[in-house]
Amino acid sequence: VVCGHITYNNVKSFLADFLHPDRGDRTSRVLFLDNKRPEPELTGLIKRYFLSVQYFEGSALNHNDLRRVQLEHSDAVIILCNKDSEDTKSEDAATILRAVRYLFS
C-alpha cells in the first residue's frame, strides 16, 4: 500500500524503481491510496501498469478505508513525502501521523 504525497511525478518515479525488471519480482502488486481522484495524467500512468497497480480513493487516516484496501494483508506500507514542500515540519508531521495510524490499524 502506497500513500502520502501521490502525484504523477512521485508515482512515476516510484513505479519505475519498484517494478523495474532488474528486481526480478514479477508478482508484486501496488495499491495507491489517496484522498482525491487521480488527475488524468496519473490515471494514464496507472493504466499502463494495470496488471500490477490499483488506485483507491480514500484516506490513510480512516480505519474503514484501510480495511477496504485490506491493509492487514499487505506486505508493506510506503508513505511518499512531498520532497518540494516549503513547510517541511508540517510535511514530516503528516507523514509521521500516517505511519502511526498504520501501526495501530
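Contact here means heavy atoms within 4.5 Å. The model is predicted.

By that criterion, the buried residues of helix H1 are covered by several elements, including strand S1 (2–4) and strand S2 (30–34). Helix H2 (40–48), strand S3 (53–57) and strand S4 (78–80) also belong to this cover. Helix H1 itself spans residues 8–18. Its buried residues are Tyr-8, Asn-10, Val-11, Phe-14 and Leu-15. Viewed down the axis of H1, these residues fall within an arc of 160 degrees, so they line one face of the helix. The face of H1 turned away from the buried side carries exposed residues, Asn-9 and Asp-17.

Helix H2 was examined in the same terms. The buried residues of H2 are Leu-42, Leu-45 and Ile-46. Down the axis of H2, they fall within an arc of 100 degrees, so they too line one face of their helix. These buried residues pack against H1 and S3. On the face of H2 turned away from its buried side lie the exposed residues Pro-40, Glu-41, Lys-47 and Arg-48.

Two packed helices are described by the angle between their axes and the distance between the axes. The axes of H1 and H2 come within 9 Å. They cross at roughly 15 degrees. Angles under 35 degrees count as roughly parallel, and H1 and H2 are therefore roughly parallel to each other. H1 passes H2 in a left-handed crossing. On the H1 side, the contact is made by Tyr-8, Val-11, Lys-12 and Leu-15. On the H2 side, Glu-41, Leu-42, Leu-45 and Arg-48 take part. By class, the residues of this contact divide into 5 nonpolar, no polar and 3 charged.

Tyr-8, Val-11 and Leu-15 make contact with H2 and are among the buried residues of H1. Leu-42 and Leu-45 make contact with H1 and are among the buried residues of H2. Glu-41 and Arg-48 also take part in the contact, yet both are exposed, on the face of H2 turned away from its buried side.

Gln-70 lies in the loop between helix H3 (63–68) and S4. The phi of Gln-70 is near 55 degrees, a positive value in a residue other than glycine. Gln-70 is partly exposed, with a relative accessible area of 46%.

Technical notes. Residues numbered from 1 in each chain as written. Predicted model: local features only at pLDDT ≥ 70, side-chain atom pairs only at ≥ 80, totals over all residues. Heavy atoms only, no water. Buried < 20%, exposed > 50% of the residue type's maximum accessible area, 1.4 Å probe, protein only. Helix = DSSP H or I, 4+ residues; strand = E, 2+ residues; numbered from the N terminus. Arc of directions from axis to C-beta. Axes fitted to C-alpha atoms, helices over the stretch in contact; angles between N-to-C directions. Parallel < 35°, antiparallel > 145°, perpendicular 65-115°, else oblique. Left-handed = near helix turned anticlockwise from the far one by under 90°. Nonpolar A, V, L, I, M, F, W, Y, C, P; charged D, E, K, R; others polar.
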